[in-house]
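Hi everyone, thanks for making time.

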Amino acid sequence: MVFASGGYSVKIYDNQPGQAAKAITEIRPQMEELEKAHMLRGELTAAQQLALLSSYDDLAQALEGAFFVQECVFEQLEVKQNVFQDIERLVGKDVILSSSTSCLVPSNVFSKVQNRSRCLVSHPVNPPYYVKLVELVPHPETVGTIMDNTHALMTTVGQAPVRLKKEIDGFALNRVQAAIIAESWRLVQDGIISVKDIDLVMSEGLGMRYAFIGPMETMHLNAPEGLEDYMKRYGEGIQRVLTSFGPVPHFSGNGAKAIINEMCELIPSDQQHLSARMERRDQLLMGLAKLKKDN
């Protein structure tokens, strides 16, 4: 959907026969709904964008004529390595090879590829149609033009690409997210705050600002003379708080079970309740995306 919104022809391949065609069937009502809500991205109509999508059960046919390949298989290193081995044998030397992995570093993902200079990770955030960030993470051998061309492509289709200068475990987004998860988990586990209220700390507190400006700009704007002034005022206190952080929490065992039970009391983990909350999340993100677009 994202690439079609930019007017690009998109070929979808899955090694399970019929799955790629099924994906297009599922995309159709989503695009039509977006069009009715005036949230369809790009200049083309839903019908025109749908016409750009095609499905394949044969990898060679799917790759014919491609200039950019985005792999989206599940997070298993060996599977991704083998997929890119197969892809490399079927495409020209100038085709960009990109992985959507959220946690595997490029040097491992592309270890079986011969020409690694055209390889990178383009990590989207779910759901990517509403959350536009894409992390571009280079392999140690990736040439600059590949990063530049991918950045330009992602910008053209309406995403918000950020460049990492080198690979690191977890990239940027998941490292920041892991820090938030860890401290939130500790605060609940240590009896400081409830599951419900720690979520409110983000949704009604930090998240209100972070939806529009990041932590660096937040600090820059929260002191009369900017970031340096902010650190003069609050840096010592931040360091003191950071030294009070405990070790990495355990996400299993009795302590974890209590937190999980508390979460499930708020939102039961059966498919009916989870699906309803996911739908609510996507609708809210759609509204937020429209607000950001209009401002």
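Let's start at Val 113, which touches Phe 84, Glu 88, Leu 97 and Cys 119, leaving aside residues up to four places away in sequence. Keep in mind that this is a predicted model. Val 113 sits in the loop between helix H6 (106–109) and strand E5 (119–124), and with 1% relative accessibility it counts as buried.

Now, one of those contacts, Glu 88, also has a charged partner: it makes a salt bridge with Arg 118, with the closest N and O atoms 4.0 Å apart. That pair ties together distant parts of the chain, since Glu 88 is in helix H5 (residues 77–88) and Arg 118 is in the loop between H6 and E5, 30 residues apart. Are the two ends buried or exposed? Glu 88 is buried at 15% relative accessibility, and Arg 118 is buried at 5%.

There are 10 salt bridges in the structure, so let me pick out a couple within helices. In Glu 183 and Arg 186, the closest N and O atoms are 2.8 Å apart; the two are three residues apart in helix H8 (residues 173–189), so about one helical turn separates them. Asp 229 pairs with Arg 233 at 3.0 Å, and these sit four residues apart in helix H11 (residues 227–243), again about one helical turn. Here Asp 229 is buried at 12%, while Arg 233 is partly exposed at 48%.

How values were computed
Residues numbered from 1 in each chain as written. Predicted model: local features only at pLDDT ≥ 70, side-chain atom pairs only at ≥ 80, totals over all residues. Heavy atoms only, no water. Buried < 20%, exposed > 50% of the residue type's maximum accessible area, 1.4 Å probe, protein only. Contact = heavy atoms within 4.5 Å. Salt bridge = Lys/Arg side-chain N within 4 Å of Asp/Glu carboxyl O.
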